[in-house]
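Hi,

Here is the structure I promised to pass on to you. My notes on what turned up in it follow below; have a look at the model first.

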Amino acid sequence: GLNSSEVDKLYQDDAVWIITSSFIIFTMHSGFGLLESGSVSAKDEVNIMVKNVVDVVFGGIAYWSFGYGLSYGNDWYPNSFVGMGKFFYDPARQNLATVNEEGWAYASFLFQMSLATTASTIVSGAVAERAKLKSYILLGCLVILVQALPAHWVWDKNGFFFKMGVVDFAGCSAVHMVGGIIGLVATIYLKPRRNRFNEDSVHQMSSPTNALLGTFLLWWGWFGINAGSVWGITEGRWRLGGRAAVATIMSSIGGGATSIVISFVRTKKLQVNFLINGILSSIVSITALCAVSRPWHALIIGSVSSAFSIAVLPVLDRFKVDDPVGIVPIHLTSSIWGMFAVGIFAEEDKHLMATGGQYGLLYGGGFKLMGIQMLCAATILVYSAVCGFLILVLISKSPLGLRVTDYEEQIGADVIEHGLAGTNIARYLVEKPLSTKT
Amino acid sequence: GLNSSEVDKLYQDDAVWIITSSFIIFTMHSGFGLLESGSVSAKDEVNIMVKNVVDVVFGGIAYWSFGYGLSYGNDWYPNSFVGMGKFFYDPARQNLATVNEEGWAYASFLFQMSLATTASTIVSGAVAERAKLKSYILLGCLVILVQALPAHWVWDKNGFFFKMGVVDFAGCSAVHMVGGIIGLVATIYLKPRRNRFNEDSVHQMSSPTNALLGTFLLWWGWFGINAGSVWGITEGRWRLGGRAAVATIMSSIGGGATSIVISFVRTKKLQVNFLINGILSSIVSITALCAVSRPWHALIIGSVSSAFSIAVLPVLDRFKVDDPVGIVPIHLTSSIWGMFAVGIFAEEDKHLMATGGQYGLLYGGGFKLMGIQMLCAATILVYSAVCGFLILVLISKSPLGLRVTDYEEQIGADVIEHGLAGTNIARYLVEKPLSTKT
Amino acid sequence: GLNSSEVDKLYQDDAVWIITSSFIIFTMHSGFGLLESGSVSAKDEVNIMVKNVVDVVFGGIAYWSFGYGLSYGNDWYPNSFVGMGKFFYDPARQNLATVNEEGWAYASFLFQMSLATTASTIVSGAVAERAKLKSYILLGCLVILVQALPAHWVWDKNGFFFKMGVVDFAGCSAVHMVGGIIGLVATIYLKPRRNRFNEDSVHQMSSPTNALLGTFLLWWGWFGINAGSVWGITEGRWRLGGRAAVATIMSSIGGGATSIVISFVRTKKLQVNFLINGILSSIVSITALCAVSRPWHALIIGSVSSAFSIAVLPVLDRFKVDDPVGIVPIHLTSSIWGMFAVGIFAEEDKHLMATGGQYGLLYGGGFKLMGIQMLCAATILVYSAVCGFLILVLISKSPLGLRVTDYEEQIGADVIEHGLAGTNIARYLVEKPLSTKT
């Protein structure tokens, strides 16, 4: 057995890893904010940044008060479906046996909160330029609570997909699929931005430079999610963290290269939105398998995800689904493919039980793991879509309402919601006559 | 006793923590720069970024040559008031007994420098759009030296507040209060920007998007200050680091939510400056107590700080104090409240002596700790205000002068100090007719 | 001897250091992107951001498939000139003896890739506004392969400069000198931008604010390179990491201060490009010696490098070399001086063999180390210049071509390559009449 100072040391080293990973993950809000504000029209640029702030603020309150408990509170009636307990979380109230456990409780909460607040952020992009700010605040809080259950199912030791052996290291299903499908439902429910599908409409990014900078920030921030999701470094888990980081960069370069090639072949130009979708969707697709992925697995998984992210765009256009910042390609098609890819490429670590001893098709594991992955994906998709729809109906029927008026949409949320007039408005006026059809 | 390889390990783990925390803290200069450049008028946007560079450059030289020694140099005549020694710092010259101690000296110096250079940055915002660049350089260097003494009083083992048992983990008094009060004195001394309080003046941010991005960057950077300020991870100190990080995010979400609610109630809109002040002031307010704060302590402390940050704005307007980037709400009211709040909420850690065994009012500690906190705050406020005033008089009476001419202010520092003409000027011309009264 | 759990612990601690350093280094691409996009004309702002994405994407693929093997693959015919093996790298294929070694292989690859992709990024700045995007992609991949050999010579245990005892901790010669000289050759070969040296030309940065923000991001990212390059923290190496970090900040403040003083003396204003060149060139110059540099060494080395970075500007103008984002001052003059400075200031660590027991002129080591440093620099300069030239000839003679047409250059790459029309074009039109001569 380990003596107490050795135990102290294990707690220390693992906690420091997840604390610092949380720090990195929180920086992704800067990335989401810039990506979204750079992708929308100039008249809504500030509003969407504010919505990203709101995701942390009210999302954080929702998570602390109820979300964390719904995911990981096993204090009363532990069960496979929902956590109960740890509401309005205060580790000191838990009467944990040792100071190590209490410290670990703080670290775990921080890490989980950093992940959860990114889920509601995804939805902010889907409803951009059309959702009222107050309604969005309520929507974001409710998304946090919706997301809490899949997190329980997939990651909590009592969760039913966890017990089945589903493999999702870093939130492919429990974060991106939830956010992606709710985003899709929301943007369909809200209907397109005005004139979005008119014959002479233009698709104008307010700042491609900012959108690319946001992409960069998300790219590096994702190391925190993927490497942090091995939950520590001791007993050889640092190896999985290193592999997750290599898989992250390998999938992104596969996805980036694929999107560039497709863009040149199909349009003769390098479309900035193809590139952004390609890179970010590929990173999402590797989140499920990252810790046990070989470099070439990640390269293929990312490349395929990138191809899907571009293939889905004409489908969205065909059905007049307006997806202002690419929620569907970046988070939805990629997360479905990412869960599926585990069923193909999963390979157990040489030393640690990282996939519960399960292998994918390619390594002789048969279809069992694939079945579990697909069952998990289907369940989460249906559950999240239904919850999302109910929430949207609820908010739109409430006195708050959901969608801004036509007049407000034309003027823009920066003026309407924040009283800002000035440079952005100036740029919006200038950009309209200069814009070309796409 | 520990054998030498165990001692090596303790040094290693603690030093790595403060080195990496320093890396994070330095990134805050990006945040300060963007927040300030996004908040001022477009004609001074570049100039304020340059001033933030200057804060690191000349502030760093001032700190290396004298500041660090005045804070922590106890080589000659150790005393409670001021450090002497370690000037033009070179650990190799100190003849430290072991290589561990020498390595630790490098790590400590790096961490302290990263903190100290943020103090002078605070003042850069207060004098925005009005101070001459050369004069500002001198001012920044002198602020570093002024700040060195409170750091000695509060954090050095010989400092008199340290000996009294003052609780300030991460610079509430020794950094933010110093910067905030000097900033207030400076902006009063410099007088408002031209037309700032005219009837038809407008308050125009050059880029709310950049200001919000800067806020994001500061938010994540603060994890480095608050978690780093526990000075290591061994012997259970990682637990305090984790608690500090949770307290940081909890105070910020309390502060953010409060400012949003107040803004909606009072103005029907979400004012971007209310939001920025609310979030950043709440993080400042938790710096004193962070390492031993419970989540709900932090939530309350941040919320109250945010309310103060909004309440002070009409007071500043009433007395025609022009505070271009919100130095008073973000750093001054919050740091006074933060020091006070320790007297209410302080609770000793279960295992380590983190508050010297002291408790606040709420935990039966009586008024003793409160008294120490308030004495420390009062002393630092008076000392810093007096020093700041003397420095401002000195510079403005010197051949350098302090305030730019009326003509220079109208043209803007970007042209006058940096010879830049172009996009920013274009935007400035465009934004004027479009601006509305606030 | 160490028991196996002690060995595990050493691997763990060192691997975590280089993994997290890699995370920091990757963030530098955000910095390079912003610095370059802020420095060029508004009509090419997005294009240069895309090129920085491409550097990671295709540079990453080139590095994974061949670059890493050419640098560190000693599987077949180990020799001093070039690595062979580890192509299309997959650590699992290597049949490493222990899981520790396999994990370490992932961590090492990640770190080396993060460094290598910055080398091709340097060239992107040199060819800004003139190179075709597809040609640039090919160029970037080939630069990665060119850079692989110097990395083998300087850092691989079989490399001939490594065996000679050359001191280059963090890529002064093997990264910056390679990128800098190829950049110089490329910009001469491509010829200046149109009207760049006409009598009435203007030098217009699209966004000085973004260029300064990029500088900030690079500044903090460099801690990852310089401190990460000590390859771990165990056995006292953390001390070298701490020293490297202090040296990084000390050299930058020396360089920044020097450039500010020179700028004021020579032009009465603070030129933004002097400041950026001064800071970044000084950090490059300390990369060679960082881990064993004293603070005052770094201050002097950075100051001298900054002076060179400004002195070279009129020389470039004199010979009509158009260097859009300052590749020559930032990466070339500084890296030559940095390698030279090792010969003066090198001093062995008190405990570890960090410089192979060698001392510079100042510490009684004579001219031997200086000779090795200069031989290494000269070899790398000649080799890289020749390779760079051949690659440029090859690409420009190929069907791809290299330089955009005069018409395309006038319209700008944002429209031509990415189909973007809008705000940036608007700004470009506005900025032209407002621009002044410099």
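**Cavities and pockets**

The lining of the largest cavity comprises 27 nonpolar, 16 polar and six charged residues. In that count, Ala, Val, Leu, Ile, Met, Phe, Trp, Tyr, Cys and Pro are nonpolar, Asp, Glu, Lys and Arg are charged, and the others, Gly among them, are polar.

Some ground rules before the rest: this is a predicted model, in which local features need pLDDT of at least 70 and side-chain atom pairs count only at pLDDT 80 or more, while totals for chains, interfaces and linings use all residues. Residues are numbered from 1 along each chain as its sequence is written, chains are lettered from A and ligands numbered from 1 in the order in which they are written, and side-chain values use heavy atoms, with hydrogens and water left out.

Back to the largest cavity: 49 residues line it, and Thr20(A), Ile24(A), Thr20(B), Ile24(B) and Ile24(C) lie nearest its centre. It holds about 1200 Å³ of space, and the structure has 16 cavities of 30 Å³ or more. The search runs on a 1 Å grid over the protein atoms alone: a cavity is a set of points where a 1.4 Å probe fits but cannot get out, a pocket is an open set with protein on both sides within 12 Å along at least five of seven lines, and lining residues have an atom within 4 Å of a point. Grid points are joined across faces, edges and corners, and the volume is the space filled by probe spheres set on the points.

Which helices supply at least two residues each of the lining of the largest cavity? They are H1, H2 and H8 (208–228) of chain A, with H1 (4–26) and H8 (208–228) of chain B and H1 (4–26) and H8 (208–228) of chain C. Helices here are DSSP runs (H or I, at least four residues; strands would be E, at least two), numbered from the N terminus.

The largest pocket has a volume of about 1600 Å³. Of its 50 lining residues, Lys9(A), Glu6(B), Lys9(B), Glu6(C) and Lys9(C) lie nearest the centre. H1(B) gives the largest share of this lining, seven residues. By class, the pocket lining has twelve nonpolar, 22 polar and 16 charged residues.

**Where the chains meet**

Between chain A and chain B, 59 residues of chain A and 51 residues of chain B are in contact (heavy atoms within 4.5 Å). The area buried there is about 4600 Å², with carbon and sulfur atoms giving 78%; buried area is the accessible area (1.4 Å probe) that two parts lose on being put together, summed over both. Chains A and B share three salt bridges (a side-chain nitrogen of Lys or Arg within 4 Å of a carboxyl oxygen of Asp or Glu). Asp90(A) forms a salt bridge with Arg294(B), with the closest N and O atoms 3.0 Å apart. On the side of chain A that touches chain B, H3(A) gives the most, with 13 residues. That side has 34 nonpolar, 16 polar and nine charged residues.

For chain C and chain A, the contact involves 59 residues of chain C and 52 residues of chain A. About 4600 Å² is buried between them, 78% of it from carbon and sulfur atoms. Three salt bridges are counted between chain C and chain A, and Asp13(A) and Lys9(C) meet in a salt bridge at 3.1 Å, N to O.

**Across the whole structure**

Over all chains, the search finds 51 salt bridges. Arg193(A) and Asp322(A) form a salt bridge at 2.8 Å, N to O. These two residues are 129 residues apart and link distant parts of the chain.

Best wishes
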